[in-house]
Amino acid sequence: MKQLRLKLRLTLPLLIALAGAPAFGQTGTHPTNNPPSMMREQAAREAFIDKLMSRMTVDEKIGQLRLVSLPAGSNPDKPKFMDDIRAGRAGAVFNTVTPKDIRVLQDAAMQSRLKIPLFFAYDVIHGQRTIFPIGLGLASSWNLDAIRQTGRISAIEASADGLDVTWSPMVDISRDPRWGRNSEGFGEDTYLTSRIGAELVKAYQGDDPAARDSILAMVKHFAAYGAVEGGRDYNTVDMSPQRLFQDYLPPYKAALDAGAAGVMIALNSLNGVPATGDKWLLQDVLRKQWGFKGITVSDHGAIMEMIKHGVAADGRDAARLAITAGADMSMSDTMYGDNLKPLLDSGRVSMADLDRATRDVLRVKYDLGLFQDPYRRIGRPENDPPDVNAESRLHRDAARQVARESLVLLKNQGGVLPLRKQGTIAVVGPLAKSQRDMMGNWSAAGRADQTVSAYQGIANAVGGQARLLYAKGANVIDDPEIVKYLNLYEQDVDVDPRTPAQLIDEAVAAARQADVVVAVVGESQGMAHEASSRSDIVIPDSQARLLRALKATGKPLVIVLMNGRPLALGWENDNADAMLETWFAGTEGGNAVADVLFGDYNPSGKLPMTFPRSVGQIPIYYSHLNTGRPFDPAHPDKYTSRYFDAPNGPLFPFGYGLSYTRFELSPVTLSSAEMPRNGTVQASVTVTNTGQRDGATVVQLYLQDPVASISRPVKELKHFEKVMLKAGESRKVSFTIDEDDLSFYNAQLHYGAEPGAFNVYVGLDSEDVKQAGFTLR
Ligand code: NOJ
């Protein structure tokens, strides 16, 4: 067995934590070498907060820990809540989203005894007014520059609406497509998710969190929410420490290293302990090991939910557990407000706990610049946008650019795509004209009526050059009980009263007249949402029947998928001529879809999540272990790790996506066959566009440690680069592999690289790869 080489990973953050209080303007994790000016700023901040806290009553401190949801519009709780603000019984508000509405609340805070400003937060997940593709779509672009731009624009738009904080990025790794919240995250891979999360944090927060157009990022949901059992939302998470540290925690850590101001705590329990009351997670890992000095907020009602989790006897017990574990703010429950005072009086919670949490809240407000100017982002009434939904406030160009990069071409048989802008095109399907679904879930302050549907995008593209026919063809889903469920809190699915047969007949009639059929099918946005787990991941029956009827017409069939999770697309893949995965592509989604369908943009997206053949293969992910009896398709033995009724492999692997051109990779060359300690090895390939069109692709580098002290994945993504190549052009792409890329948490949770042989795989997806190898000395 190899010798383990220990690195300082676990102890270094501890040293950082001991090194002193945070730098001004960085509430998250902190650089070790703070320049003197920063140290001075930081001392000034702490002195300011000390002084303020010395004037605060216990009630006012408790008030700071209260985070209230206050949607605009008629809200019966508003008068009471206004009183609470004036009495200093609130620390922050979320879900109020215009400068005018926010100002009223801040005005009330300015009438409180100490005039401590509120901060204002919102779920700005993939855009504020301009809606960008959902998380899975952004991840499919593999374009960090484009993703950074979405974050920057989100911050500009959100801050212009008076907001200070976003509950984003969501970096929960998930390997279970049944979970509805896959749509919000960046897929199954630790490295890709970490890179994206870090970019978004930097983009939201900018160089100076106090800047008028910066908002603070709160990474969520800490921790491992994406691993809920059975993909059922809010369910239990149970996970080995190795998997937790190796695969699930790094994206949160990456966001904090990028400076994220805060952490939203997950709703789930982890190995039996609800995260909201998990001292180990919130203090030992987050604060001591990682050196985090920012703010933690509970998720919606999560403190109270510890009663149902079975770890708190009542609300008082839940509040005690949460505050002593390290949950600073309580979101949307009254647990802290109702219970902290008696808990302090009885000595079951210490003043130190209350002070620590209060200080974390005040520090965020200080860093946001709110003590200097509580209206920093709200602005003055005379500058309020006359129309918050004005077209001029949108960033359509950027939305279209990133949306087209987020589309993944899954199949293109016989070159049916790109379509020509001529003849007759039948556009069918219940999602074809949907503007609401195109935005996706958590669409912040985006508006459906400003969103370009797939049909509209196609119409815009063809102008008068082709004849377009349209038929709805099916309802998204026929089951009335499911429709009722999806429409419970907001109108998600509109039901056409015609019978399924009538709808299909109309679509078939349109298809018969057409040269090609474009079927826009999949899920409504609400089907891939919080509280929207599915036990099956196929296209709903109503739409599957429509597809079969369209296929029977014999016309070329192009399936445009809209969905927020990997789907099982066996029949579709066997029968469609082309398939384009478009996720929920945002405000400019329809134009982006048309750009790809007609070849005005050559698709370059790559899947950030494995597409299974069936739900029975879940969990399925590319970075699995080999097992002692791996299945070998070349020698399909019985007593090997396999299903006897289905292949092991996915329908579409992680990293997969086609182009209208062809790319070829040279063999991998390494700068050396050996890597010295603390050294590097360069891996290079030449990628050539051998087709007729310009296009972009993603060169992906994976590593494998084939013999280690614990079983290691068959491959793990460690580097990637998106490259744009003209037809016929070649480019050398080089990646620098270092020891960190080879490191992992061993059975004792020590992090380090073990000497010996390593395999390097480079490909344009995770399966079709070229191999090389080197040795770490
Ligand atoms: C509950 C969700 O789990 C979380 O992601 C979100 O940020 C909060 N609600 C606030 O809307």
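Leaving aside its neighbours within four places in sequence, which residues is Asp 328 in contact with? They are Leu 65, Arg 287, Gly 294, Ile 295, Thr 296, Tyr 336, Arg 356, Ala 357 and Asp 360, where contact means heavy atoms within 4.5 Å.

Before I go on, some housekeeping. This is a predicted model, in which local features need pLDDT of at least 70 and side-chain atom pairs count only at pLDDT 80 or more, while totals for chains, interfaces and linings use all residues. Residues are numbered from 1 along each chain as its sequence is written, and side-chain values use heavy atoms, with hydrogens and water left out.

Back to Asp 328. It sits in the loop between helix 13 (315-325) and strand 10 (330-331); helices (H or I, at least four residues) and strands (E, at least two) are DSSP runs, numbered from the N terminus. Asp 328 is buried, with a relative accessible area of 0%. Buried means under 20% relative accessible area, exposed over 50%, and partly exposed in between, with a 1.4 Å probe and protein chains only. The side chains of Asp 328 and Arg 287 make a polar contact of 3.5 Å. That term covers a pair of N or O atoms within 3.5 Å; within protein, one must be able to donate a hydrogen and the other to accept it, and residues adjacent in sequence count only if both atoms are side-chain atoms.

Next, salt bridges. The structure holds 50 of them, each being a side-chain nitrogen of Lys or Arg within 4 Å of a carboxyl oxygen of Asp or Glu. Asp 123 and Lys 220 form one through their side chains, at 3.1 Å, N to O. Asp 123 lies in the loop between strand 3 (119-122) and helix 6 (135-141), and Lys 220 in strand 5 (residues 216-222), so this pair ties together parts that are 97 residues apart in sequence. Asp 123 and Lys 220 are both buried.

Arg 565 and Glu 523 form another, with the closest N and O atoms 2.5 Å apart. Both residues are buried. Salt bridges that share partners also build one network, whose members include Arg 45, Glu 46, Arg 287, Asp 328, Arg 356 and Asp 360. Within it, the side chains of Glu 46 and Arg 45 meet at 3.0 Å, N to O.

Now the domains. The chain is divided into domain 1 (62-379), domain 2 (407-604) and domain 3 (663-776), with bounds from an automatic or database domain assignment. How many residues of domain 1 are in contact with domain 3? There are 13, and they meet 17 residues of domain 3. The area buried between these two domains is about 1,200 Å², of which carbon and sulfur atoms give 64%. Buried area here is the accessible area (1.4 Å probe) that two parts lose on being put together, summed over both. Trp 142, Tyr 191 and Gln 246 supply 53% of the area that domain 1 buries against domain 3, more than any other three residues.

Across the interface of domain 1 and domain 3 the rule finds 0 salt bridges, but 5 residue pairs in polar contact, both residues at pLDDT 80 or more. Helix 8 (190-205) and helix 9 (241-248) each supply at least two residues of the side of domain 1 that touches domain 3. The largest share of that side, 5 residues, comes from helix 9.
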